[in-house]
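I opened this notebook to record what I looked up in the structure, entry by entry.

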Amino acid sequence: MKKKAFNKSGKLILGINGWMENGHDASACLVEVDSNRCEVLGALEEEKITKQKCSYNVLPTQSIHYLLEYYSLSPADIDYIAFGWNYPHMYEVNNTEFPFNNNQEILKALFQGATIDKEIEIVYIGHHLAHAASSFRTSQFNTCLTFVFDGQGEQESSSVWVAENGELEKISYSGIKESLGYLYEAVNEVLGFKNHESGKTMGLASYGKPIFINDFKQALILEEDKLLLNDKLERIYQVVSRFTEKNTNEQANVITMWKHFIKEELGIEDNHKNVNSFYEIEDIYKNLAASVQNLLEEYVVQIVNYYINKTKINKICMSGGVALNCIMNGRILEEQNVEEIYINPAANDAGVSLGAALELAYKLGYPSHLNKPFFDPFIGIEYSNEEIIEELKSNELKYQITENAQEVIANLISNEKVVALFQGRNEWGPRALGNRSIISSPRDKDRLDYINTSIKHRETGRPLGPSMLQEDASKLLVNETKFLGKYMNIAYNSQAIKSEFPAIIHVDHTFRPEFVDPDFNVIYYKQLKTIKEITGSSIVINTSFNLKTPIIFHIQDAIDYFVNSKLDALIFNNQIVLTK
């Protein structure tokens with residue numbers, strides 16, 4: 001791992017997500033503050049390091065280790081720790097014993113194997129407050145509405161915040177049993193997906209018709225801004241809860257309630273067949289996916305409009321796992337009342353480590369708003385050419401070194417090759433944005449399912465998104481849009497003739513882009529610009545560099561993927577070239 005020169009000049013806050021029980025998306029974030037500034041030094045998701053998706057029920061010990069190593073820091077350099085959940089409160093409400101006797105025990109669990117010779121203050125930030133902070137405090141807005149939609153926090157599943165004068169004020173929330181996130185997870189399971197695979201359900205929805213949406217609306221009622229269960233569903237929930245232990249994490253209860261509803265009221269049994277193709281899955285499951293997706297869009301858009309009309313604030317931040325739903329975010333952006341929308345790349349629970357650190361900075365009286373033209377998602381760690389070459393030699397692989405691989409990459413794309421990029425600091429969040437990406441030409445319709453099956457070994461029909469130069473946005477957009485997203489978390493309607501770029505336009509004529517400019521990612525920008533010079537278009541397929549794992553983090557995993565797959569080329573740091 002390449003080390004980054006750093007001289008501590010302020011206070012260091014370590015943000016944390018992850019716990020030994022009922023935890024997921026473990027992560028760590030390092031923030032430095034002083035009287036004049038707030039800077040995110042780095043952030044890592046545990047799953048990328050350990051290769052265990054979602055990092056369930058663990059503390060982010062590896063993420064902490066890598067961040068400290070990257071900056072040549074020790075635990076003694078940390079001044080504060082902020083968790084993105086109020087764990088003591090949760091144990092108190094649940095009438096169970098907190099698993100640590102004192103802060104020193106927590107520090108030993110976080111900094112494994114290290115000598116802890118100082119007291120470090122530990123602060124617990126409410127989960128939805130941490131979500132809201134992760135979005136608002138990394139946005140470009142001074143005043144905005146911030147919406148959080150997820151599975152659950154300590155006591156809520158959705159919440160609405162007014163962000164003004166640096167402060168976040170919660171003005172509304174809905175309870176856990178009314179969770180839109182858990183409803184979506186229940187549908188995931190019925191479809192035969194894992195409960196965290198909501199992206200698959202969103203993609204499948206475009207193949208179906210929302211014929212069950214009125215059934216869902218009768219069961220989960222939206223009155224102005226409040227979500228309510230109907231009497232029948234409320235009774236089902238009470239019965240389910242009666243047979244489970246009291247627990248502040250009610251995920252299993254709510255999912256069981258919805259699966260009962262789907263089976264008994266809609267007549268849909270769980271799909272026990274392996275889903276290998278979005279084209280071939282039974283229509284009833286496509287229609288179920290379409291129904292829950294349309295319900296989500298309609299309800300969230302209604303809630304957003306309600307609070308815009310109430311507060312007269314029309315800049316929007318979104319957070320929580322539900323905010324990874326790019327189709328929903330695109331619908332919000334299209335609303336006439338909405339001036340602009342921002343979603344942090346790690347809108348899921350990984351993002352609350354960042355939100356907790358920034359919220360604690362605010363509470364301590366330090367600057368807490370990044371106040372930059374955009375949020376920089378390239379805040380992981382990076383590897384030097386020397387480290388990469390050492391691993392290539394140990395694997396006895398041939399490679400070439402060039403001062404600049406842009407033309408090599410462009411020629412490969414021109415010849416319909418599939419290229420993996422491993423360069424710079426890795427991305428924050430679940431989307432690859434050019435530094436840990438697989439790219440290819442989108443001009444051939446068959447390229448979509450070639451990548452799905454031969455490269456990614458996943459279901460046919462799964463949509464793929466594009467990267468493109470920001471200056472080329474008009475090639476795909478229906479109308480001039482209010483905002484061009486950089487993080488692949490907003491879907492747009494396309495005007496392009498589908499036959500021109502068929503591999504990145506989904507069946508519903510939407511696409512989920514990364515618009516790239518030189519300030520955002522200069523190396524990737526130059527690569528795309530050279531691709532445009534040689535092929536006539538900067539538009540490429542961009543999918544994450546992974547194979548049934550989180551996005552690749554380690555050099556050896558990148559090498560193994562290249563050697564054992566149908567990838568045509570692997571480019572390290574825009575200089576080290578491997579081809580087949």
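What share of the contacts in the protein chain with a separation of 6 or more comes from residues 24 or more positions apart? I found that such residues account for 70% of them. I note that the model is a predicted one.

**Entry: overall dimensions.** I looked up the extent of the C-alpha trace, which spans about 65 × 60 × 45 Å along its principal axes. I then compared the radius of gyration with expectation: a compact globule of 580 residues would have a value near 25 Å, and the 23 Å of the protein chain agrees with this. Of the 580 residues, 61% are buried. The exposed surface comes to about 22,900 Å², and carbon and sulfur atoms supply 44% of it. For secondary structure, I recorded 18 helices and 22 strands.

**Entry: an open sheet.** I traced a mixed sheet of 8 strands, with the order β13-β22-β21-β14-β15-β20-β16-β19. Its edges are β13 (400-401) and β19 (514-516), each of which pairs on one side only. Within the sheet, I checked β16 (residues 465-469) against β20 (residues 540-544): they are antiparallel and share 3 bridges. Here Gly465 stands opposite Asn542 of β20. Helix α18 (residues 555-564) packs on this sheet, where it touches β14, β15, β21 and β22. The direction of α18 makes about 160° with that of β21.

**Entry: helix α16.** I asked how many of the 10 residues of α16 (residues 446-455) are buried. The count is 7, so the helix is largely enclosed by the rest of the structure. The buried residues are Arg447, Leu448, Asp449, Ile451, Asn452, Ser454 and Ile455. They pack against β15, β20 and α18. Just after α16, I noted a positive phi of about 55° at His457.

**Entry: nonpolar cores.** As background, nonpolar side chains tend to be buried together in soluble globular proteins. I looked up the largest nonpolar core and found 146 residues in it. Those with the most contacts inside this core are Ile81, Phe83, Phe111, Trp258, Met318 and Phe572. Helix α11 (residues 283-311) gives the largest share of this core, with 13 residues.

I then followed Met318. Beyond its neighbours within four places in sequence, its contacts include Phe147, Phe149, Val300, Ile332 and Ile343.

Key: Residues numbered from 1 in each chain as written. Predicted model: local features only at pLDDT ≥ 70, side-chain atom pairs only at ≥ 80, totals over all residues. Heavy atoms only, no water. Pairing = 2+ DSSP bridges. Helix = DSSP H or I, 4+ residues; strand = E, 2+ residues; numbered from the N terminus. Contact = heavy atoms within 4.5 Å. Axes fitted to C-alpha atoms, helices over the stretch in contact; angles between N-to-C directions. Rg over C-alpha atoms; globule rule 2.2 N^0.38 Å. Buried < 20%, exposed > 50% of the residue type's maximum accessible area, 1.4 Å probe, protein only. Areas by Shrake-Rupley, 256 points an atom, 1.4 Å probe, with all protein chains shown as cover. Core = buried A, V, L, I, M, F, W, Y, C linked by side-chain atoms within 4.5 Å.
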